[in-house]
Amino acid sequence: MKAIAAPVSWIGRVQFSADSRIERIDVDPIPFASGQATLTPEAREQLARVAAFLEQTPDVRMALTPIVSSRDRAALAEASGSAAPDLPALAARRLEAVRDGIKKAGVDAARLKEVAASPAPIEGEGQVKLDLIEPENPGSPHAPIS
């Protein structure tokens, strides 16, 4: 268990069942300031940890899901003066910022799968959610670990 949990502890947490089986792996998201797609210092730190994790685990892939929040909507509406801010564009810019950060760290961007964002904003802060992808068979397409 420690061999699995130690590398994951750099980027999140492993949730175990009562019988010590892995239930799920929670990866900390890449946070963004409301209405922004620029990496904050906190986001850069998490991105560096994720890149280091991916360097140490060459068979692991990740799914990236942009999450926009009601705070994002309010910040964009205030900045643009529009009642209908372009949330999909913000989500796409956030994905691009994370993907570019991973590539600049030397990790093959092909190991990242983009997942479409939900069109409805959530409560809380905007982010890019990260999920580990588990291979169905070595060398085959992958599915997120839950």
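Guide: Of the 146 residues in the chain, 38% are buried. The model under discussion is a predicted one. The chain holds four helices and seven strands, and along the sequence these follow the pattern α-β-β-β-α-β-α-α-β-β-β. Contacts in the chain with a separation of 6 or more come, to the extent of 65%, from residues 24 or more positions apart.

The part requested is the packing of α3 and α4. Two packed helices are described by the angle between their axes and the distance between the axes. Here α3 and α4 pack at an angle of about 110°, and their axes are 10 Å apart. Helix α3 is therefore roughly perpendicular to α4, given that angles from 65 to 115 degrees count as such. On the side of α3 the contact is made by Asp-72, Arg-73 and Leu-76, and on the side of α4 by Leu-87, Leu-90 and Arg-94.

Two of these residues deserve a separate description. Arg-94 and Asp-72 form a salt bridge through their side chains, with 2.7 Å from N to O. Arg-94 belongs to helix α4 (residues 87-104) and Asp-72 to helix α3 (residues 70-80), so this pair ties together parts that are 22 residues apart in sequence. Both Arg-94 and Asp-72 are buried.

Arg-99 pairs with Glu-114, and their closest N and O atoms are 2.8 Å apart. This pair, too, links distant parts of the chain, since Arg-99 lies in helix α4 and Glu-114 in strand β5 (residues 112-114), 15 residues apart. Which of the two partners is buried and which is partly exposed? Arg-99 has a relative accessible area of 17% and is therefore buried, because buried means under 20%. Glu-114, at 40% relative accessibility, counts as partly exposed.

Strands β4 and β5 run parallel and are joined by three bridges. Within this pairing, Ala-63 stands opposite Lys-113 in β5. Strand β4 (residues 61-67) is mostly covered, as six of its seven residues are buried.

Ile-11 is found in the loop between α1 and β1, and at 0% relative accessibility Ile-11 counts as buried. Leaving aside residues up to four places away in sequence, Ile-11 touches Val-27, Asp-28, Gln-46, Arg-49, Val-50, Phe-53 and Met-62. The C-alpha atoms of Ile-11 and Ala-51 are separated by 9.5 Å, although these residues are 40 residues apart along the chain.

A pair of aromatic rings is described by the distance of the centres and the angle of the planes. The count for this chain comes to one aromatic pair. It is formed by Trp-10 and Phe-53, whose ring centres are 6.5 Å apart and whose planes stand at 85°, so the pair is edge-to-face. Trp-10 is in the loop between α1 (2-8) and β1 (12-16), and Phe-53 is in helix α2 (residues 41-56); the pair thus links distant parts of the chain, 43 residues apart. Phe-53 is buried, with a relative accessible area of 2%, whereas Trp-10 is partly exposed, with 39%.

The strand that follows this loop may be considered next. Strand β1 pairs with strand β2 (residues 22-27) in the antiparallel sense, over five bridges. Val-14 has Ile-25 of β2 as its bridge partner. Between the two strands of this hairpin there are five residues, and Ser-20 takes a positive phi near 65°.

Besides the pairs of Arg-94 with Asp-72 and of Arg-99 with Glu-114, the side chains of Lys-129 and Asp-131 meet in a salt bridge, at 3.2 Å from N to O. Lys-129 counts as partly exposed at 38% relative accessibility, while Asp-131 is buried, with a relative accessible area of 14%.

Notes:
Residues are numbered from 1 along each chain as its sequence is written. This is a predicted model: local features need pLDDT of at least 70, side-chain atom pairs count only at pLDDT 80 or more; totals for chains, interfaces and linings use all residues. Side-chain values use heavy atoms; hydrogens and water are left out. A salt bridge is a side-chain nitrogen of Lys or Arg within 4 Å of a carboxyl oxygen of Asp or Glu. Buried means under 20% relative accessible area, exposed over 50%, partly exposed in between (1.4 Å probe, protein chains only). Rings of Phe, Tyr and Trp (its six-membered ring) pair if their centres lie within 6.5 Å; planes under 30 degrees apart count as stacked, over 60 as edge-to-face and the rest as tilted. Two strands pair if DSSP finds at least two bridges between them. Contact means heavy atoms within 4.5 Å. Axes are lines fitted to C-alpha atoms, for helices over the stretch in contact, and angles run from 0 to 180 degrees between N-to-C directions. Angles under 35 degrees count as roughly parallel, over 145 as roughly antiparallel, 65 to 115 as roughly perpendicular and the rest as oblique.
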